[in-house]
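Open the structure in your viewer and keep the selection tool at hand. The stops below are meant to be taken in order.

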Amino acid sequence: MATWICYAVGYVFITSGVLKLVMADSFGFRGLFHELGVPFPDSTLLLVALVEIGCGALIASGMYVRKATIPLLVIMAGAIYFSKLPELIDYGFFVFAFKARLDIVVIILLLLLYRHVPGKKF
């Protein structure tokens, strides 16, 4: 079961990171990072994309899973803080809960992986 969770979480982060690298303008990531007031938006976007790809690949391969979840949890916390928390303030709990539902599920899966899957080492 843990292997399938590793594959699913790895897939989510690898595809998200590749999209941020390859199609940052097409999907509006670059503009979104500027608009949300993320510090050093272009550099942060590149760093987030590379971390998502690298840590997602480690998790998908089952290697260093516990260590790879930590930066991804930080990224997810940042995503909620910068893009979902304003929804809570502006539109209320139910809109926030709806828009943050996938982020919250991924955070729960990352916490499960951190707690139960230490991962293989080289």
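This is a predicted model: local features need pLDDT of at least 70, side-chain atom pairs count only at pLDDT 80 or more; totals for chains, interfaces and linings use all residues.

Residues are numbered from 1 along each chain as its sequence is written, and side-chain values use heavy atoms, with hydrogens and water left out.

**Stop 1: helix 1 and helix 3**

Select residues 2–22, which form helix 1, and residues 41–61, which form helix 3. Helices here are DSSP runs of H or I with at least four residues, strands are runs of E with at least two, and both are numbered from the N terminus. The two axes come within 7 Å and cross at roughly 155°. Axes are lines fitted to C-alpha atoms, for helices over the stretch in contact, and angles run from 0 to 180 degrees between N-to-C directions. Helix 1 is therefore roughly antiparallel to helix 3 (angles under 35 degrees count as roughly parallel, over 145 as roughly antiparallel, 65 to 115 as roughly perpendicular and the rest as oblique). The crossing is left-handed, that is, the near helix is turned anticlockwise from the far one by less than a right angle.

Now show the side chains at the contact (heavy atoms within 4.5 Å). Helix 1 contributes residues including Cys6, Val9, Phe13, Gly17 and Lys20, and helix 3 contributes residues including Leu45, Ala49, Glu52, Gly56 and Ala60. By class the contact has 16 nonpolar, four polar and two charged residues. Ala, Val, Leu, Ile, Met, Phe, Trp, Tyr, Cys and Pro count as nonpolar, Asp, Glu, Lys and Arg as charged, and the others, Gly among them, as polar.

**Stop 2**

At 2% relative accessibility, phenylalanine 13 counts as buried (buried means under 20% relative accessible area, exposed over 50%, partly exposed in between, with a 1.4 Å probe and protein chains only). Which residues does phenylalanine 13 touch, not counting residues up to four places away in sequence? They are Glu52, Ile53, Gly56, Leu72, Met76, Val106 and Leu110. A distance to draw is the one between the C-alpha atoms of phenylalanine 13 and alanine 49: 8.7 Å, for residues 36 apart along the chain.

Phe13, Ile59, Leu72, Leu110 and Leu113 touch the most other members of the largest nonpolar core, which has 25 residues. Such a core is a set of buried Ala, Val, Leu, Ile, Met, Phe, Trp, Tyr and Cys residues joined through side-chain atoms within 4.5 Å. Helix 4 gives the largest share of this core, seven residues.

**Stop 3**

Go to glutamate 52 in helix 3. Glutamate 52 is buried at 4% relative accessible area. Beyond four places in sequence, its contacts include Lys20, Leu72 and Ile75.

Then select aspartate 103 in helix 6, residues 101–116. Aspartate 103 is buried too, at 14%. Leaving out residues up to four places away, aspartate 103 touches Met76, Ala79, Ile80 and Lys84.

**Stop 4: two loop residues**

Phenylalanine 40 sits in the loop between helix 2 (29–35) and helix 3. Its phi is near 45°, a positive value in a residue other than glycine. Phenylalanine 40 is exposed, at 68% relative accessibility.

Finish at tyrosine 64, in the loop between helix 3 and helix 4 (65–91). Tyrosine 64 has a positive phi of about 50° and is partly exposed, at 23% relative accessibility.
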